Amino acid sequence: MFILGWDFFGGAIDIQKYFDQLNRDLVYGLMRAAGMPARVLDTYARFQEGLKVRKTISGALGEKYRAEAGVTQGDPFSMLAAAIIMRL
């Protein structure tokens, strides 16, 4: 688009899919490289490994299943991990 001599570009990232599909080993390695203390990162990794989730389809809550990839949405650690990965 061209308005008043300026070029504009718009883009979007589907953050929900971003969090759902992150490779956990990659996230943990990048966080270690960024200086995250091993004790904190290992505790968070143990939490993620046992994570069970449910999907909502048309308002109905599905069965629990083990999340094999991705990180939880909404907690501060996940936002920090996403910010570091987006910088790369």
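In this predicted model, the largest nonpolar core has 14 residues, and Val-27, Tyr-28, Met-31, Leu-41 and Phe-77 touch the most other members. Two or more residues of this core come from each of α2 (24-33), α3 and α4 (76-87). Helix α4 provides the largest share, 4 residues.

**Nonpolar core**

- Leu-41 is among the core residues that touch the most other members.
- Leaving aside residues up to four places away in sequence, Leu-41 is in contact with Tyr-28, Met-31, Arg-32, Met-36 and Phe-77.
- As general background, nonpolar side chains in soluble globular proteins tend to be buried together.

**Salt bridges**

- How many salt bridges does the structure hold? The count is 2.
- One of them joins Asp-42 to Arg-32, with the closest N and O atoms 2.5 Å apart. Because Asp-42 belongs to helix α3 and Arg-32 to helix α2, this pair ties together parts that are 10 residues apart in sequence.
- Both partners are partly exposed: Asp-42 has a relative accessibility of 30%, and Arg-32 has one of 43%.
- Arg-66 forms a salt bridge with Glu-49, and here the closest N and O atoms are 3.6 Å apart. Arg-66 lies in strand β6 (residues 65-66) and Glu-49 in helix α3, so the pair links parts that are 17 residues apart in sequence.
- Arg-66 is partly exposed at 41% relative accessibility, and Glu-49 is likewise partly exposed, with a relative accessible area of 35%.

**A buried arginine without a salt bridge**

- Arg-24 is located in helix α2.
- Is Arg-24 buried or exposed? Arg-24 is buried, yet it has no salt bridge.
- The nearest side chain of opposite charge is that of Glu-49, 4.1 Å away.
- Glu-49 is instead found in a salt bridge with Arg-66.
- Not counting residues up to four places away in sequence, Arg-24 touches Gln-48, Glu-49, Leu-51, Ala-67, Glu-68, Ala-69 and Gly-70.

**Aromatic pair**

- The model contains 1 aromatic pair. The ring centres of Tyr-44 and Phe-47 are 6.2 Å apart and the ring planes stand at 45 degrees, so the pair is tilted.
- Tyr-44 and Phe-47 are 3 residues apart in helix α3 (residues 38-49), a separation of about one helical turn.
- The two residues fall into separate accessibility classes: Tyr-44 is buried, with a relative accessible area of 9%, whereas Phe-47 is partly exposed at 47% relative accessibility.

**Backbone feature at Ser-58**

- Which loop holds Ser-58? Ser-58 is placed in the loop between β4 (56-57) and β5 (60-61).
- Ser-58 has a phi near 55 degrees, a positive value in a residue other than glycine.
- For context, most residues other than glycine have a negative phi.
- Ser-58 is exposed, with a relative accessible area of 81%.

Notes:
Residues are numbered from 1 along each chain as its sequence is written. This is a predicted model: local features need pLDDT of at least 70, side-chain atom pairs count only at pLDDT 80 or more; totals for chains, interfaces and linings use all residues. Side-chain values use heavy atoms; hydrogens and water are left out. Rings of Phe, Tyr and Trp (its six-membered ring) pair if their centres lie within 6.5 Å; planes under 30 degrees apart count as stacked, over 60 as edge-to-face and the rest as tilted. Buried means under 20% relative accessible area, exposed over 50%, partly exposed in between (1.4 Å probe, protein chains only). A nonpolar core is a set of buried Ala, Val, Leu, Ile, Met, Phe, Trp, Tyr and Cys residues joined through side-chain atoms within 4.5 Å. Contact means heavy atoms within 4.5 Å. Lys and Arg count as positive and Asp and Glu as negative; His and the chain ends are not counted. A salt bridge is a side-chain nitrogen of Lys or Arg within 4 Å of a carboxyl oxygen of Asp or Glu.
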